[in-house]
Amino acid sequence: MDSYKLYSSLPLGGWEKNRAEIDVAALVRNRRRIMEKLNKENPEAVDICVVKADAYGHGVAHCAPALARSGCKFFAVSCIEEARALRRILIDEGLDAKILILGYTPPDSADKLAENELIQCVFSYEYALALNEKATRPIDVHIKIDTGMNRIGFPCDEEGANAAAAVFTLENLRVCGMFTHFSRADECTPEGDAFTALQYERFTYVVGTLLSLGYEPGFLHACNSAGAIRFPEFSLDGVRLGIALYGAGALTPDGTPLEPVMSLFSTIMHIHTLRSGESLGYGAAYTAITDREIATLPIGYADGFIRAYSGAWVEVETADGYKKAKIVGRICMDQCMIDITGLGATLGASVRMFGGDHESIKALARLAGTIDYECLCTVSARVQRVMTC
């Protein structure tokens, strides 16, 4: 079920040196809190839970069934490989839901869409026509409208609306929805908010044009996580909940932070003394001014704890609770070193690389010049996912 993800062929041993703890209960609570807030504004709106990229690195095999059992009836993924894996997961768990593919599926795979009861997004008439020609049975599709993201989608002008209308005439495609994507809904700035409103206006223009031509676009959705929380008035028939489900991003319904779902842990595998004046790691990037007690951890950038996190603070388990320790030297492919001088840490002690609060992963993101979404998705599949409640 994880065949599309790096290192998925590795068997799991009895003792795992690194683990990502996934709080499934927090995942479900995040979904419910967002939808409770949204449904006060729009009682009819439903959620599309986005579980692409192995549920943003959290493990789709466990996250999707938990979300389905909590009431989610609609999922979104990036590609047909993810969609087919998700369909198998749901069937194995005795569950059913709609699955929307947000990205490109090769037209040669058109019949696989129908076989797996998948919904494909179409983003140009040329692509829709290619799917139609390859299909031997009807395919459900959602039309993607580009309202300003300028990534994929039909243009939001009269010409684009007419091209979208032409999709309705293709015999092997059944249009059952239409959507767009807000590119600045999370900015919390006057300029960003004005652009989100403009995108919504552009989208509703295309919807109105199609209706005036006699075409029913079906299920309408525009809001991503930030849109659902900050612009419930734009929720239409439903919203796509992505990063907010996993408690990341700067999103807070009703001013209360969402709960982080993933915590990444490693283990102290070796302890030694680094003498004053000695250096460690590649490039001798760190030199001790005084004698330091150094612990080596079996985690590195191949596990998703990337080189750009060098210098970050982590938390080491001690008899007196977790204490902060700094990564010293450059992070290696499979290992990294931390300074545990005076902490009383011992061999085999657990080390929390991030998690437990919002700030730890945001600090890593700042170091790497990225966003916390990427920090979560980067955790590789050779790190065991351990589900907690």
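A nonpolar core is a set of buried Ala, Val, Leu, Ile, Met, Phe, Trp, Tyr and Cys residues joined through side-chain atoms within 4.5 Å. Buried means under 20% relative accessible area, exposed means over 50%, and partly exposed is in between (1.4 Å probe, protein chains only).

The model you see is predicted, so local features need pLDDT of at least 70 and side-chain atom pairs count only at pLDDT 80 or more, while totals for chains, interfaces and linings use all residues. Residues are numbered from 1 along each chain as its sequence is written, and side-chain values use heavy atoms, with hydrogens and water left out.

**The cores**

Let us start inside. The largest nonpolar core has 120 residues, and Phe-75, Phe-305 and Ile-338 touch the most other members. Beyond its neighbours within four places in sequence, Phe-305 is in contact (heavy atoms within 4.5 Å) with residues including Leu-264, Ile-299, Val-314 and Met-353. There is also a second, separate core of 7 residues, with Leu-274, Ala-288, Ile-294 and Val-328 among them.

**Pocket and cavity**

On a 1 Å grid over the protein atoms alone, a cavity is a set of points where a 1.4 Å probe fits but cannot get out, and a pocket is an open set with protein on both sides within 12 Å along at least five of seven lines; lining residues have an atom within 4 Å of a point. Grid points are joined across faces, edges and corners, and a volume is the space filled by probe spheres set on the points.

The largest pocket has a volume of about 690 Å³. It is lined by 28 residues, of which Lys-52, Tyr-56, Arg-151, His-181 and Asn-224 are the closest to its centre. Helix H2 (52-56), helix H9 (225-230) and strand S10 (238-241) each give two or more residues to this lining. Helices (H or I, at least four residues) and strands (E, at least two) are DSSP runs, numbered from the N terminus.

The search of the whole structure finds 1 cavity of 30 Å³ or more, and the largest cavity holds about 80 Å³ of space. Among the residues lining this cavity are Tyr-246, Pro-260, Phe-354 and His-358.

The whole structure has 0 disulfides.

**Residues inside and outside**

The table places some residues by their relative accessible area.

| Residue | Relative accessible area | Class |
|---|---|---|
| Cys-49 | 0% | buried |
| Cys-63 | 0% | buried |
| Lys-144 | 6% | buried |
| Ala-284 | 41% | partly exposed |
| Cys-188 | 48% | partly exposed |
| Ile-289 | 75% | exposed |

Lys-144 belongs to strand S6 (residues 139-146). Its contacts, leaving aside neighbours within four places in sequence, include Val-122, Phe-154 and His-181. Ile-289 sits in the loop between strand S14 (286-287) and strand S15 (292-297).

Two residues have a positive phi although neither is a glycine: Cys-188 at about 60° and Ala-284 at about 50°. Cys-188 lies in the loop between strand S8 (173-179) and helix H8 (190-212), and Ala-284 in the loop between strand S13 (279-280) and S14.

Methods. A disulfide is a pair of cysteine sulfur atoms within 2.5 Å.
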